[in-house]
Structure formats: C-alpha cells, structure tokens
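Take a look at the fold below before reading on.

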Amino acid sequence: MYTESIEMVEVAPRDGLQNEKTMISTADKIALVERAIAAGARRIEVTSFVNPKAVPQMADAEAVCAGLPRRDDVTYIGLVMNARGAARAIETGRIDQLGAVSVATDTFAKANQGQTSDGSVAAASEIIAMARQAGKTGQVTIAAAFGCPFEGEVSEDRVVAMAVALAQANPVEIGLADTIGVANPAHVATLVGKVRAAVPAIPVRVHFHNTRGTGLANVWAAIGAGAVTVDAAIGGLGGCPFAPGAAGNVSTEDVVYMLERAGVGTGLDLAALVEANHWLGSVMDRTLPGMVAKAPPFPRPAQA
C-alpha cells in the first residue's frame, strides 16, 4: 500500500521563520540551509520574495540567496506571489524553482495576496510560465485546501477544479496545503485521491500544519493516497501572517522518524536533524515544538 520512499521539502528557512517576531539574521538563515543540506535535504524552500512591509522576516531574500552554498544536487525554491516577486527571484540567479500559491477561497486570497481565488490561479499560472521562460521550474500550492480561517469548510470540488485549471500551466507538481491545521486523515485521503484522479500526470505534494495535533496522521494518510512529496520544517516551526491561529508545520524530525521506522525512506539523517533542531532552538532562544528532538534516541545507539 505504501511507497518505499518519498521526497521531502525542507521549508523551515521560509515557512518556518516567516511569522517569527524575533528577527533572524541572514547568516543564521544561511546556516539553517547548510544544516538542512548536511542532514540530506535536497529540496529547500529558502526564502520568499514578498513585500517586506507585509513579511519583514523575509526582507533579506536577495542576501540569503547570495549566501547559499553552490550545490548542483540541491534545488533551491523561492516562494513568490506575483510576477514582480517572480522577477526578483529569477534575478538572483540562485533560485532553481519558483513556488506559486493559489488560495481556495476569496476571503483568504484577498488577505494573503490581494486578489480573488480565481485571480490567484491566473497569477500562479503566469509565475509558472515565467519560470519556464527563465529556464527554471515552477510548482504551485493550493493554500487552505482543507479549510479556511475566514470561510470555514472548503469544497473538495473547488480544490479539484483549481488543480485542473493549474495543470494547464504544466507545473512540476501541485501541492495541497492545510494552512491552518484543520485536516483529518479521512479528508486528506479523499482529497489527495480526487486530485490525483483529476490530474494524473502531475505529482501531488502535501503541506500540513500541526495546529490541532493531526499533522503526522495526515502525512501518513496522504502518502497512502499517493502523495509523493511532503513539506516539513526543522523543529516544527511555522505559521502564516495572514491566517489567524495558524501554528507550526509538521516537524521534519517527527516525519522522518515516523516514516523511516515504518520502512518508508526519506533520504534524511535523523540524528543530524535533531542536532539542527537543538541549534535552531538556541537561535530562537526557546524549545521548538517538534517532539522527537525532545525524546531519547530510539533505538538506542549501540554501546561501544
């Protein structure tokens, strides 16, 4: 029933940090990327190219890109909301993949990026085209796919219709995001299955927040339904400035522990991730939400 391996996208440098009140230095953001690479991450969302007045934590996007390690085996992703952001990302010369966002409801789309839901689909399609023209790749995430902080329940048919429309732009994948952490495993399995059936040629990625404690269960359900890529953040940091009550992403360490123990390969080094968690906690001056890094190692390392 389950695949032997899945791909993971490390999102701590962008989604993990974007809503933090304590400003993180550019050097520490680059160090976080370096630690993620050392732990085996090969797709990393490194920053977002958005209005710095709206998201001050991401004001140093160009500086972060300038300091990224030069690695042919790592895909650096930049989140962009519009053509201007896409142009900024491309101009750095360091972003390999543009990540666009479409939002499943009008109210959240207007709060998040100042446009309607349909407008966000059109904008994402333009971003994907710009990426391709620049010799890059483009992917898209459907935000609030499982529920909206303003409008409540979101129709599965609406999300599927958005996926079909976005597929016309030929993104490398379509992500389904539980932006405010309201999804449950049954809903996840159903929606992932419907999107896969509607756009079978395009891989499905999933993005879960653990706001209500269902994040890991939702990851497991998504993989069972055929999702091939999972977003996660070292330490379980994360939140959205425009989504009231949104809490942290699923923790990379927790996802890796669950999957590797279940025989699903991730390509990531759990010990290195736990070390990165502790380091990031020292930078943030607090214990991070991820659970595995708080627990003793299991199984215990062999005694010398």
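Which residues touch the most other members of the largest nonpolar core? They are Ile-142, Val-159, Leu-176, Val-192 and Val-195, in a core of 98 residues. Such a core is a set of buried Ala, Val, Leu, Ile, Met, Phe, Trp, Tyr and Cys residues joined through side-chain atoms within 4.5 Å. Buried means under 20% relative accessible area, exposed over 50%, and partly exposed in between, with a 1.4 Å probe and protein chains only.

A word on the source. This is a predicted model, in which local features need pLDDT of at least 70 and side-chain atom pairs count only at pLDDT 80 or more, while totals for chains, interfaces and linings use all residues. Residues are numbered from 1 along each chain as its sequence is written, and side-chain values use heavy atoms, with hydrogens and water left out.

Now the whole chain. It holds 11 helices and 8 strands; these are DSSP runs numbered from the N terminus, helices (H or I) of at least four residues and strands (E) of at least two. The radius of gyration is 18 Å, close to the 19 Å from the globule rule for 304 residues, so the chain is as compact as a globular protein of that length. That radius is taken over C-alpha atoms, and the rule is 2.2 Å times the number of residues to the power 0.38. The C-alpha atoms fill a box of roughly 60 × 45 × 35 Å along the principal axes. Of the 304 residues, 55% are buried. Among contacts (heavy atoms within 4.5 Å) with a separation of 6 or more, 73% join residues 24 or more positions apart.

Beyond its neighbours within four places in sequence, Leu-176 is in contact with residues including Ile-142, Val-159, Val-192 and Val-195. Arg-205 and His-207 are also among the contacts of Leu-176.

Next, strand E4, residues 97–103, where Ser-102 is found. Ser-102 counts as buried because its relative accessibility is 0%.

Finally, turn to a loop. Pro-171 lies between helix H7 (156–167) and strand E6 (174–178). Is Pro-171 buried or exposed? At 3% relative accessibility, Pro-171 counts as buried. Beyond its neighbours within four places, Pro-171 is in contact with Ile-128, Gly-138, Gln-139, Val-140, Leu-166 and Ile-202. Pro-203 is 32 residues from Pro-171 along the chain, and their C-alpha atoms are separated by 9.3 Å.
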